[in-house]
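User: I would like to go through this protein and ask what lies behind each label. Please set the values against the cut-offs.

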Amino acid sequence: MVKLKVGRNIFDIDENDLILDNGACYMLVTQEIIKNYSSYSPTVSKKLFTDLKKCELIFTSEGLRQAAIKRYGNSVVTFWEFNIKKMQKMGY
């Protein structure tokens with residue numbers, strides 16, 4: 001498990017957490033923020049997403065892509081999974 005700061009919040013991330021890429025924004029769909037009696041998934045900034053992708057700390061596969069298409073019914077969406085072992089080596 002690693003800690004990742006997304007916006008103003010710090011989340012405990014493990015190998016089951018996913019980022020949803022819908023072409024317009026990136027959301028950490030396996031985490032929740034509860035505020036004023038409502039909950040929502042935190043939005044990952046474009047800079048953080050590109051930094052994670054460039055350092056190969058997140059990855060996708062055809063299986064993740066198909067799971068996102070099946071869940072959301074749209075061929076644009078993709079799930080990205082965290083590479084926890086590499087994140088721990090880099091000090092997250």
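**Labels and the values behind them**

Analyst: The order of elements along the sequence is β-β-β-β-β-β-β-α-β-α-β-α. That gives 3 helices and 9 strands. The model is a predicted one.

User: How do you know that the radius of gyration agrees with a compact globule?

Analyst: For 92 residues, a compact globule would have a radius of gyration near 12 Å, and the protein has 13 Å, which agrees. Its C-alpha trace spans about 35 × 35 × 20 Å along the principal axes.

User: Why is Q31 called buried?

Analyst: Buried means under 20% relative accessible area. Q31 has 16%, so Q31 is buried. In the protein, buried residues make up 35% of the 92 residues.

User: Where is Q31 found, and which residues is it in contact with, leaving aside neighbours within four places in sequence?

Analyst: Q31 sits in the loop between β4 (26-28) and β5 (33-35). With those neighbours left aside, Q31 is in contact with F11, D12, I13, D17, Y40, S41 and P42.

User: What makes the pair of D12 and Q31 a polar contact?

Analyst: The cut-off is a pair of N or O atoms within 3.5 Å, one able to donate a hydrogen and the other to accept it. A polar atom of the Q31 side chain lies 3.2 Å from the backbone oxygen of D12.

User: Why does G73 count as exposed?

Analyst: Exposed means over 50% relative accessible area. G73 has 65% relative accessibility, so G73 counts as exposed. G73 is in the loop between α2 (62-72) and β9 (78-82). The C-alpha atoms of G73 and R8 are separated by 31 Å, and the two residues are 65 apart along the chain.

User: What is phi in N36 and in Y37, and where do these residues lie?

Analyst: Phi is near 55 degrees in N36, a positive value in a residue other than glycine. In Y37, also a residue other than glycine, phi is positive, near 65 degrees. Most residues other than glycine have a negative phi. N36 is in the loop between β5 and β6 (38-40), and Y37 lies in the loop between β5 and β6.

User: Are N36 and Y37 buried or exposed?

Analyst: The cut-off for exposed is over 50%. N36 has a relative accessible area of 66%, so N36 is exposed. Y37 has 88%, so Y37 is exposed.

Conventions:
Residues are numbered from 1 along each chain as its sequence is written. This is a predicted model: local features need pLDDT of at least 70, side-chain atom pairs count only at pLDDT 80 or more; totals for chains, interfaces and linings use all residues. Side-chain values use heavy atoms; hydrogens and water are left out. Helices (H or I, at least four residues) and strands (E, at least two) are DSSP runs, numbered from the N terminus. The radius of gyration is taken over C-alpha atoms; the globule rule is 2.2 Å times the number of residues to the power 0.38. Buried means under 20% relative accessible area, exposed over 50%, partly exposed in between (1.4 Å probe, protein chains only). Contact means heavy atoms within 4.5 Å.
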